[in-house]
Amino acid sequence: MEKLLKVNGNKYNDWLHQQHQQFIEENQDLILQALSAFTGEEEEEEKSEPKAAEPVHVRPQSIPVTQN
């Protein structure tokens with residue numbers, strides 16, 4: 001597929017992105033339903049099973065210094 005697109009002067013990644021966008025646009029209702037169902041399930045789990053707070057581990061990061 002990549003070679004066929006290249007023959008026509010198209011990049012595979014651009015074409016693939018376009019296909020994803022088209023699918024999302026054509027299936028917005030389905031996507032919203034799925035997200036609603038997923039977030040609804042999460043809320044039910046949180047209500048039924050209280051979770052203990054887990055510690056958050058933060059790793060320090062160095063900040064690059066630039067000289068003018």
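**Exercise 1. Confidence.** State the mean pLDDT of the protein chain and the share of its residues that reach 70 or more.

Solution. The model is predicted. The mean pLDDT of the protein chain is 78, and 59% of the residues reach 70 or more. Among the elements, helix 2 (residues 12–26) has the highest mean pLDDT, 95, and helix 3 (residues 28–48) the lowest, 78. Where pLDDT is low, the predicted coordinates should not be read in detail.

**Exercise 2. Fold and surface.** Give the order of elements in the protein chain and the percentage of residues that count as buried.

Solution. The protein chain has 3 helices and 0 strands. Read from the N terminus, the order is α-α-α. Of the 68 residues, 1% count as buried. The accessible surface of the chain is about 7,300 Å², and 53% of that surface belongs to carbon and sulfur atoms.

**Exercise 3. The aromatic pair.** Classify the pair formed by tyrosine 12 and tryptophan 15, and decide whether tyrosine 12 and tryptophan 15 are buried, partly exposed or exposed.

Solution. The structure holds 1 aromatic pair. Tyrosine 12 and tryptophan 15 form this pair, with 5.9 Å from centre to centre and 35° between the planes. Planes under 30 degrees apart would count as stacked and over 60 as edge-to-face, so the pair is tilted. Both residues lie in helix 2, 3 residues apart, about one turn of the helix. For exposure, the limits are under 20% for buried and over 50% for exposed. Tyrosine 12 has a relative accessible area of 29%, so tyrosine 12 is partly exposed. Tryptophan 15, at 26%, also counts as partly exposed.

Technical notes. Residues numbered from 1 in each chain as written. Predicted model: local features only at pLDDT ≥ 70, side-chain atom pairs only at ≥ 80, totals over all residues. Heavy atoms only, no water. Helix = DSSP H or I, 4+ residues; strand = E, 2+ residues; numbered from the N terminus. Buried < 20%, exposed > 50% of the residue type's maximum accessible area, 1.4 Å probe, protein only. Areas by Shrake-Rupley, 256 points an atom, 1.4 Å probe, with all protein chains shown as cover. pLDDT = per-residue confidence, 0-100. Phe/Tyr/Trp six-rings, centres within 6.5 Å; stacked < 30°, edge-to-face > 60°.
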